[in-house]
Amino acid sequence: MAETIPLFPLAAVLLPGTSLPLHIFEPRYRQLIMDLVTDALPGRHFGVVAKKPGWTVDIDRVDQVCGVGCSAVLREVKRLPDGRFDIVTKGDRRFRLLAIDSTSAPYLLGVVEWLPDSAPTGRLATLMPALAAAARAAHERYCRAAWQHDDWTEPPNDTDPAELAHLIAADCLLAEEDRQRLLEETCPAKRLRLARRLLHLETAILGNLHAVPMQLSELEQETNLN
């Protein structure tokens with residue numbers, strides 16, 4: 001069933017279960033935060049979708065953003081003296097974006113359908129423990145190559161394997177295109193396998209170049225804190 005939620009396009013991909021701090025300065029998104037904290041909008045959540053590379057103008061069409069996004073739950077809000085906000089959100093539910101409404105509110109609204117995981121079946125279901133262990137090992141190798149010892153921690157042992165790929169990706173400087181691939185994958189087993197493959201690739205690059213790679217598309221985009 002379709003639902004309408006506030007929409008916030010960003011030059012970033014939000015993954016379920018991961019934190020996203022934001023500095024809110026644009027007037028329409030200041031209004032969005034005010035509406036959320038005063039319960040003018042119920043639920044204290046809004047949708048985050050990643051802009052497609054090259055779109056730095058105002059977003060008002062579905063083809064300007066990725067088709068799958070993630071809702072962000074408002075966890076912390078600090079209002080600054082000049083009316084801006086510093087907020088911390090946490091990724092919650094994945095959705096498919098059906099339409100964008102740019103006229104009914106001061107901020108964008110998105111018509112979305114929620115996109116739950118599909119349960120692994122057959123051999124994939126039996127492989128879940130092994131895939132989770134392999135993804136954890138790939139995460140550890142990446143973090144030891146990329147960060148100082150105190151800059152990362154292993155996911156808790158009781159982490160749901162269905163959530164593990166998103167959590168380990170949050171620790172790693174993956175390209176936004178790869179983070180979007182993880183977001184769009186609805187099979188937890190395939191998502192773990194994809195995360196493991198991406199982390200192996202990035203660790204190999206780190207070992208050869210002794211640097212964390214950036215995508216050319218990132219260099220071409222203007223900086224936008226919103």
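Mentor: Let us begin with phenylalanine 8, which counts as buried because its relative accessibility is 0%; bear in mind throughout that the model is a predicted one. Phenylalanine 46 is buried as well, like phenylalanine 8, and the two rings form a tilted aromatic pair, with 5.8 Å from centre to centre and 45° between the planes. This pair links distant parts of the chain, since phenylalanine 8 belongs to strand E1 and phenylalanine 46 to strand E3 (residues 45-50), 38 residues apart.

The structure holds four aromatic pairs, and another of them brings phenylalanine 8 together with tyrosine 29: the ring centres are 4.0 Å apart and the planes stand at 5°, so this pair is stacked. Here too distant parts of the chain are linked, with phenylalanine 8 in strand E1 (residues 3-10) and tyrosine 29 in helix H1 (residues 27-37), 21 residues apart. Tyrosine 29 has a relative accessible area of 3% and is therefore buried. Taken together, Phe8, Tyr29 and Phe46 form one aromatic cluster.

An aromatic ring also meets a charge elsewhere in the model, where arginine 93 lies over the face of tryptophan 114, at 3.9 Å from the ring centre.

Turning to contacts between charges, side chains of opposite charge can pair when their charged atoms come close. A search of the whole structure finds nine salt bridges, among them the one in which the side chains of arginine 94 and aspartate 117 meet at 2.6 Å, N to O. That pair links distant parts of the chain, 23 residues apart, with arginine 94 in strand E5 (residues 85-101) and aspartate 117 in the loop between strand E6 (109-114) and helix H2 (122-146). Arginine 94 is buried, because its relative accessible area is 7%, whereas aspartate 117, at 33%, counts as partly exposed.

A further salt bridge joins the side chains of glutamate 140 and arginine 144 at 3.0 Å, N to O, and both of these residues lie in helix H2, four residues apart, which is about one turn of the helix. Glutamate 140 counts as partly exposed at 26% relative accessibility, while arginine 144 counts as exposed at 52%.

Terms used:
Residues are numbered from 1 along each chain as its sequence is written. This is a predicted model: local features need pLDDT of at least 70, side-chain atom pairs count only at pLDDT 80 or more; totals for chains, interfaces and linings use all residues. Side-chain values use heavy atoms; hydrogens and water are left out. A salt bridge is a side-chain nitrogen of Lys or Arg within 4 Å of a carboxyl oxygen of Asp or Glu. Helices (H or I, at least four residues) and strands (E, at least two) are DSSP runs, numbered from the N terminus. Buried means under 20% relative accessible area, exposed over 50%, partly exposed in between (1.4 Å probe, protein chains only). Rings of Phe, Tyr and Trp (its six-membered ring) pair if their centres lie within 6.5 Å; planes under 30 degrees apart count as stacked, over 60 as edge-to-face and the rest as tilted. A charge sits over a ring if NZ of Lys or CZ of Arg is within 6 Å of the ring centre and within 35 degrees of the ring normal.
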